[in-house]
Amino acid sequence: MSETSSSGRPIVIAANRLPVMRTNEGDWSPSPGGLVRALYPMLRESGGTWVGWTGDPDDHAEPFSVEGVDLHPVPISAEEMNLYYEGFSNDALWPLYHDALRESTYDSEQWDAYKTVNERFATALAEIAPADSIVWVHDYQLQLVPGLLRARRPDLTIGFFLHIPFPSVDLFTRLPWRDDIVQGLLGCDLVGFQRPRDAQNFIATVEQLLEADTSDDTVSFDGRTVVAADYPISIDVAEVEEIATGRATRQRTSQIRARLGDPEVIMLGVDRLDYTKGIGLRLRAFAQLLEDERLDPTRHVMVQVATPTREAVEHYQDERASIERLVGEINGRFSRIGLPVVHYLYQTLPYDELVALYRAGDVMLVTPFRDGMNLVAKEYAAAHIDGDGVLVLSEFAGAAEELTDAVQVNPHDDRALQDAIVEAVEMHRHERRGRMSGLRDQIRKSDVQGWADRFLAALEVASSTASR
Ligand code: ADQ
């Protein structure tokens, strides 16, 4: 069974990973991560097909289904994971697309593996997509798929959504295979981005590299018209609210507060342990505030949850070592026996536990140097059904465009960040509640279902007007 669009056409999703992982008992369960949290509820509700890797190298598993979602595995070998995923995707594209925060490695062997895996996805999609269906491809690992698929199956409507930022022309043109990537994306009818700026960067890049005709949100190339526009992603607000309201969560939240020594203010950070997320600078700001006695270790504590991620990539190993050293230094300097001032978890937590933590957090610190959107910021607001709590949010998270009631800050400015934290900690209850109400109104206006519906509706319009 396939999910159908509002016009009744079947939909197939393609992403690097299938939305499930193997449990210890050998079953499958939905896996954590921004993309999965965003799309799984939609597919689960009405059934649908998802094409992707199982997470195990050389896994040639047959298609299967979980909770009404048809899953179609694409095999990827251990060497390909090393070259295509850890290498080209996460050591070339990821840093380049995030403002070149780390140096990218450009390696033609990695590029060849990226092409090979993208071709495998395109072949699988070409084989399984029902006639005249809609294929929705996700994220930077699969940017060649739309072009490759269009060549094989011109009857399909093809959309792509980039979950991370699209860089400026000056940065993007560093990429040795820049023309291949933009031509891959131009196989789409609609290319979706998180922010208007990402779409503008893409259009400016196409204009410069391919001398294509462009308008505000379209590109005409090779006899076809492609739309490029922003569709800011969101979360399953109802799911978070339901968990947050539950008795078990309320009890767990009280228990967490008690375990932390019932401090006046709990500051919280929840991120994948990625150098884009600004975990270190947030810890340094906290340490400086303790040092300057603007915060008090007997009244203010910090909880930092860091999800293990991309552990084979050197930049990530370095980032982890530097954060763990920093946590050790801060605790060594400011903790008391039995009461650390920073509670650090390098773990993937169950979603219920995460929501209980959000509820316990009086101040949420989301301070990335650059982030496509940042779902954690939205989840925090959704979890605060009590109408209280303050979100400190980097201007460089895509979420800053919508979450204007957060305390917004430039994380590169250490004094501004320290001031923002103090402002959040000392904020008067009336203002806290006013801002949280604004945040909650905003996320309720556009949840993940609305995001998917808007993208799919626009994709159908784009494909009906594009000449194929
Ligand atoms: P990510 O970089 O993974 O996503 P984010 O948007 O914050 O970042 O999503 C993280 C997700 O993982 C959240 O849903 C969160 O609940 C979950 N998570 C985080 N830590 C966890 C833990 N310890 N245990 C369990 N779950 C945890 C990419 C882009 C983002 C973009 C999303 C979606 O980098 O900018 O918002 O895709 O498009």
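In the counts of residue classes below, Ala, Val, Leu, Ile, Met, Phe, Trp, Tyr, Cys and Pro are taken as nonpolar, Asp, Glu, Lys and Arg as charged, and the others, Gly among them, as polar. All views show a predicted model.

**View A. The second largest pocket and its lining.** This pocket holds about 310 Å³ of space. Its lining comprises 15 residues, of which G147, L148, Q183, G184 and G187 are the closest to the pocket centre. Helices α3 (108–128), α4 (145–152) and α6 (178–185) are the elements that each contribute two or more residues to this lining. By class, the lining of the second largest pocket consists of six charged, five nonpolar and four polar residues.

**View B. The shell of residues around the ligand.**

**View C. Polar atoms facing oxygen atoms of the ligand.** A polar side-chain atom of H163 is placed 2.6 Å from a ligand oxygen atom. In the side chain of E379, an N or O atom likewise lies 2.6 Å from an oxygen atom of the ligand. M373 takes part through its backbone, with an N or O atom 2.8 Å from an oxygen atom of the ligand. The ligand taken alone exposes 710 Å², and the protein buries 95% of that area.

Methods
Residues are numbered from 1 along each chain as its sequence is written. This is a predicted model: local features need pLDDT of at least 70, side-chain atom pairs count only at pLDDT 80 or more; totals for chains, interfaces and linings use all residues. Side-chain values use heavy atoms; hydrogens and water are left out. On a 1 Å grid over the protein atoms alone, a cavity is a set of points where a 1.4 Å probe fits but cannot get out, and a pocket is an open set with protein on both sides within 12 Å along at least five of seven lines; lining residues have an atom within 4 Å of a point. Grid points are joined across faces, edges and corners, and a volume is the space filled by probe spheres set on the points. Helices (H or I, at least four residues) and strands (E, at least two) are DSSP runs, numbered from the N terminus. A polar contact is a pair of N or O atoms within 3.5 Å; within protein, one must be able to donate a hydrogen and the other to accept it, and residues adjacent in sequence count only if both atoms are side-chain atoms. Accessible areas come from the Shrake-Rupley method with a 1.4 Å probe; for residues, only the protein chains shown count as cover.
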